[in-house]
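Let's take a walk through this model together, one region at a time. Keep the viewer open as you read.

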Amino acid sequence: MAAFATTLALPALSSSHREAPFITEMPKVDGTDFYMFRSYEPGREGFVTLIANYLPLQDAYGGPNYFNLDPQAIYEIHIDNDGDAIEDLTFQFDFDLSFTPAVLDIDGAQISVPLINIGPIGPDAADTDFVGVKESYQLRMISGDRRTGTSTLAENSELGGSEFAKPVDNIGTKSFSDYAAYADDHIWDISIPGCGQGRVFAGQRAEGFVVNLGEVFDLVNLNPFGPRDGRSNVIGNTNITSLALELPISCLTGGQGAIIGAWTTASLPQGRILNPATQAPANADSNTGPAVEGGAPVQVSRLGSPLVNEVVIGLDRKDAFNASEPKDDLNQFAAFVTNPSLPVLLDILFNEGGGELVPATPRNDLVAAFVTGITADVNGSSFNFTQPQNQSGVGEMLRLNTAVPATARADQSDLGFLACDLSGFPNGRRPIDDVVDIALNVVLGAVDGTNQNSLQTCDVSGPEPVVVNAGAVANDGAKPDPSAYLERFPYLAPPFAGAGA
């Protein structure tokens, strides 16, 4: 352990922000974080919350257009509930933009204004008189194959119909007197035939992921066995766009067992032709906009468990991972998991390549954590922690055992399983879970059965889980602040304002 008590050089540990060369060109469809957990809001015990984040590193002041999603894209959350690594349910978000800018009479000339609003907005969702750019969406549940399965529109239980308004981003305190109340008015009760009642929210939120990016990129400024004191979370003042969905457990499991797997994707039309004679906004249905797009949807972003494409998949295969599906992982990416490069790099940097710090390969513990799900031995009896009992196919995805009760917010540990909080990552993922620290310890062998680096972990071999090696936690110095999250849906806090106090 003494070899680690120094500075540490790591690749960029952001959950999936700008993680592959191609996706950096299209931030609107860059999936950055995916959360899936038993709802811990009081009274919502029978539900699972899914949160898919897109459009990374939003500086709150980023006007005048701010951070609309792509109306040509489809954003999807896929659920595998029968253990074959193929989606059984897909929840598809399809966004639309409408441009109706205010027009001023200036000496007889009718001139459209350059701003998206010309007056205060909210606090009610219907208060849009001064808004010139409006965003809305439909939500579909697709049973079976994501492209050929049976599609059902979610119904707006409050207003009727199938359209849901998305709040304007947090421009500033002059535009919004109470942005939190305005955003809350865009939490919609929904009904999905064949699934049940739930809730949905799509809108800007404060970035919930924590990472010490500045020091990581600098390559020399981390003391991984120093205190977990929450220093420098450089992305802590940025925003993100969240697609949050709360649904009944019974809908997601479909009677197939308690364990589900899930991942998010974003897809774009296959073809794009740029228009040199642009006359209309980007969402124009005619051919007068800046681009004409069409053709079959092509997947350009994928995210299940955090950090996989960031620090597991090799640089030359990152774009391929974003275009792939879990069912094909075994043939394409298995070696990155069984023989990971990160622990070897750490050993080279701080042990001159002696090998003492590197857990033995093949890394079956990482295969379990990321690919197959985890079985565990409790008091001599094996049980399925996150591995489906009916598993017939494997692939990387985030897995959740819905039979494990949610831990009350006040009792949650940001180290999840390593602190014997069994409702935390890698059993799903909650906003509070410090996935950088958890993943770093897992990569260094905390759950491989030998734990040769004597890291903190949870011993589940007895009648009750017990934390061992408490405090021996490799970390990046950034630590989640519990006060930065809500204790209710949509759980991530309102976004930072672009201007004002």
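How many salt bridges does the count come to? By the rule used here (a side-chain nitrogen of Lys or Arg within 4 Å of a carboxyl oxygen of Asp or Glu), the count comes to 17 salt bridges. Before you look at any of them, bear in mind that this is a predicted model: local features need pLDDT of at least 70, side-chain atom pairs count only at pLDDT 80 or more, and totals for chains, interfaces and linings use all residues. Residues are numbered from 1 along each chain as its sequence is written, and side-chain values use heavy atoms, with hydrogens and water left out.

Start with Glu41, which forms a salt bridge with Arg199; their closest N and O atoms are 2.8 Å apart. Glu41 sits in the loop between E1 and strand E2 (47–58), while Arg199 belongs to strand E12, so this pair ties together parts that are 158 residues apart in sequence. Strands and helices here are DSSP runs (E, at least two residues, for strands; H or I, at least four, for helices), numbered from the N terminus. Glu41 is buried, and Arg199 is too; buried means under 20% relative accessible area, exposed means over 50%, and partly exposed is in between, using a 1.4 Å probe and protein chains only.

Arg430 and Asp421 meet through their side chains in a salt bridge, 2.9 Å from N to O, and both Arg430 and Asp421 are buried. Asp169 forms a salt bridge with Lys166, with the closest N and O atoms 3.9 Å apart. Asp169 and Lys166 are both buried as well.

Now back to E12, this time for its strand partners. It is part of an open sheet of six strands in the order E1-E2-E13-E12-E11-E9, with antiparallel pairing. The edge strands are E1 (31–38) and E9, each of which pairs on one side only; two strands pair if DSSP finds at least two bridges between them. Inside that order, strand E11 (residues 188–192) and strand E12 (residues 196–206) run antiparallel and are joined by five bridges.

Next, the surface. Asp94, Asp96, Glu163 and Asp285 gather there in a patch of negative charge. Patches are made of residues with over 30% relative accessible area and no salt bridge; like charges are joined within 9 Å, and nonpolar side chains (Val, Leu, Ile, Met, Phe, Trp, Tyr) within 5 Å. Lys and Arg count as positive and Asp and Glu as negative, with His and the chain ends not counted, and a charge is placed at NZ of Lys, CZ of Arg, CG of Asp or CD of Glu. Glu163 lies in the loop between strand E9 (155–156) and strand E10 (164–166), and it is exposed, with a relative accessible area of 53%.

There is a nonpolar patch on the surface too, formed by Leu104, Ile106 and Ile111, with about 240 Å² of accessible area together. Accessible areas come from the Shrake-Rupley method with a 1.4 Å probe, and for residues only the protein chains shown count as cover. Ile106 is in strand E5 (residues 103–106) and counts as partly exposed at 43% relative accessibility.

For a contrast, go to helix H9 (residues 435–443): nine of its nine residues are buried, so the helix is largely enclosed by the rest of the structure. Val435, Asp437 and Asn441 are among them. After H9 comes Gly445, with a positive phi near 100 degrees.

Finally, some backbone details. The peptide bond from Gly63 to Pro64 is cis, with omega near 5 degrees, and Pro64 is found in the loop between E2 and strand E3 (74–80). Another cis peptide bond runs from Thr361 to Pro362, with omega near 0 degrees; Pro362 is in the loop between helix H7 (342–351) and helix H8 (364–372). Cys420 is not a glycine, yet it has a positive phi of about 60 degrees. Cys420 lies in the loop between strand E18 (398–401) and H9, and at 19% relative accessibility it counts as buried.
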